[in-house]
Amino acid sequence: MRIHPRYTQRGAVVILGGATLLTLVILIFIIVFILEKGLPVLGWNFLTSNPEDMGRSGGIFPTLIGTIILPLIAIIIATPLGVFTSVYLSEYTKETRATKIIRFGTDCLAGIPSIIFGLFGYIFFVITLGMGWSLLAGGLTLAVMILPTIIRTSEEAIRAVPKSYREVSFSLGASSWQTVKKVILPNALPGIVTGVMLSIGRSIGETAAVIFTAGSSLRIPTSLLDSARTMSVHFYILAREGISAENAYGTAAALIIAVLLVNLSAYWLMNRFISKRS
Amino acid sequence: MKLFGEKAVRRILMVTAFSALSGLLLIALFILNEGLPFIFKYGIKEFLFSSDWYPHLGKFGIYPMIVASLWVTLGAMIVGAPLGVFGAIFLSEYTPRPVMKIIKPTIELLAAIPSVVYGFIGVMVLAPIIRANFGGPGLSLLAASIILGIMILPTVISISIDSILAVPQSYREGSYALGATTWQTTHMVTIKASKSGIIASIILGLGRAIGETMAVIMVAGNSVNIPNTPLDSVRTLTANIALEMSYATGMHRQALFATGVVLLIVIIILNSLASVAIRKRMVKR
């Protein structure tokens with residue numbers, strides 16, 4: 001028996017549309033669930049006071065500091081490395097074996113799970129280089145982790161700069177580096193910043209790579225070699241060890257809001273960038 | 001002088017580019033260096049295919065974790081791949097472009113939600129539902145599969161949409177001209193033409209699922225055993241590393257790094273497969 005195309009068409013729309021709807025409902029449910037339970041806990045006081053009794057009561061101030069400083073170290077290191085790499089790949093070489101190897105390397109790096117970065121950061125930065133569990137070791141580990149994202153987004157942004165811009169610059173007698181510095185980087189800047197923002201978002205939410213490299217001390221760090229706890233690690237410990245459901249929800253809400261803010265501003269920037277282009 | 005400057009800049013840029021690559025080499029080197037000697041000393045067969053994981057007795061068989069990782073990943077595929085691919089087809093073929101341009105980034109936001117939050121939702125919402133309806137501890141293979149299935153949705157949807165949109169409009173027009181409906185066009189023309197991209201999206205999702213750690217630790221239950229039903233508690237390779245790393249020393253720690261080696265090899269194979277699938281698509285264009 002053959003079903004009439006009109007019915008397969010209707011069936012397809014219902015099933016495909018249903019799948020899309022379900023995905024959106026799940027997304028909205030997760031965000032609403034966490035915010036609904038967490039927002040009543042989350043307040044100025046919660047953000048700015050110290051945790052008491054391992055986080056059973058009190059606030060999350062030290063973890064807020066950790067959450068700001070760790071991604072900051074990561075982007076300070078990874079941004080110049082990533083941007084220069086993408087400048088080299090897109091402006092200074094043709095497709096050769098070397099660029100293929102670099103690209104394969106960054107693609108591989110992008111697919112490595114965060115627990116492996118955690119293992120690596122632990123054995124390399126924490127043990128071999130003797131940094132101990134510290135902001136520095138955690139930041140460096142995150143830097144390696146976000147490098148592929150920054151390289152890829154910067155490369156896309158640089159490639160999106162029209163060829164004519166380069167030609168005009170060269171015709172004025174500018175060198176390659178002058179062209180990169182004065183023409184290409186300024187025009188690619190919003191795209192590069194978008195990549196950096198997405199990387200910050202990923203760093204804020206990261207747990208597995210951070211817990212083994214930055215440790216989980218609840219004291220306020222006073223130097224880069226101090227151990228620190230980020231909001232994600234704090235949330236993980238609160239939830240997993242059943243320390244306090246209430247504070248876990250509060251921390252989760254803070255975490256979600258931070259990540260959403262960072263990502264939404266990244267999208268906003270990218271859209272502005274695209275509409276300026278066209 | 002200026003010429004020299006240019007050359008120096010080129011050198012510096014080249015060195016940075018390769019230092020990015022050296023990050024990968026360092027990771028491989030240190031993980032292998034810590035894990036491989038253990039594997040050879042302990043015996044590959046014994047390490048991979050023995051079910052005895054008793055670190056305090058010096059027994060390190062990761063077979064149950066390998067089986068658990070495979071099941072959890074397969075489960076995530078069963079949940080996430082159809083949902084993701086259907087969603088991608090609907091958004092790219094049945095949704096007005098401006099609407100799609102809003103929904104796609106919204107779904108990509110799913111990827112930004114930290115994995116610990118997914119785990120938490122699994123513990124607070126999903127596990128009780130499973131416990132009440134199907135019995136068992138709730139924290140189980142099934143719970144982990146569903147949570148991971150949701151987590152891979154953005155990867156699958158986003159890459160599938162890109163590859164479906166890359167199918168030339170003229171293919172669709174040719175099909176419509178023959179009197180085909182949208183669905184006939186979709187499944188006979190568009191999906192066929194974007195197949196390798198869709199497969200790549202699923203393989204990349206697979207890589208994400210097998211490498212996910214924190215969410216799995218929270219929802220899978222973590223007991224070392226070979227699951228008989230989806231309701232059993234399981235421990236994956238990643239969970240094994242993360243759970244014991246904080247206190248492991250000596251042989252035990254090396255065994256965890258060796259677990260990392262197994263994971264790394266699986267992931268690199270998966271990613272190479274995905275990039276082959278993506279490249280095949282580009283060659284065809």
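A residue counts as buried if 20 or more other C-beta atoms lie within 10 Å of its own, as exposed if 12 or fewer do, and as partly exposed in between. The views below come from a predicted model.

**View 1. Asn222(B) has a positive phi.** The phi of Asn222(B) is near 75 degrees, though this residue is not a glycine. Most residues other than glycine have a negative phi. Look for Asn222(B) in the loop between helix 11 (214–219) and helix 12 (237–244) of chain B. Asn222(B) has 19 C-beta neighbours inside 10 Å, so it counts as partly exposed.

**View 2. Met54(A) also has a positive phi, of about 60 degrees.** Met54(A) is not a glycine either. Its place is the loop between strand 1 (51–52) and strand 2 (57–58) of chain A. Is Met54(A) buried or partly exposed? There are 13 other C-beta atoms within 10 Å, so Met54(A) is partly exposed.

**View 3. Helix 1 of chain A packs against helix 9 of chain B.** From helix 1 of chain A come Pro5(A), Thr8(A), Gln9(A) and Ala12(A). They meet Thr182(B), Trp183(B) and Gln184(B) of helix 9 of chain B. By class, this contact has three nonpolar, four polar and no charged residues.

**View 4. Chain B meets chain A.** Here 66 residues of chain B are in contact with 64 residues of chain A. Which element gives the most to the side of chain B that touches chain A? Helix 1 of chain B does, with 20 residues. That side of chain B has 44 nonpolar, 17 polar and five charged residues.

View 5. The domain assignment of chain B gives domain 1 (2–47) and domain 2 (62–284). Taken over C-alpha atoms, the centres of these domains are 28 Å apart.

Definitions and conventions
Residues numbered from 1 in each chain as written. Chains lettered and ligands numbered in written order. Predicted model: local features only at pLDDT ≥ 70, side-chain atom pairs only at ≥ 80, totals over all residues. Domains from an automatic or database assignment. Contact = placed C-beta atoms within 7 Å. Helix = DSSP H or I, 4+ residues; strand = E, 2+ residues; numbered from the N terminus. Nonpolar A, V, L, I, M, F, W, Y, C, P; charged D, E, K, R; others polar. Axes fitted to C-alpha atoms, helices over the stretch in contact; angles between N-to-C directions.
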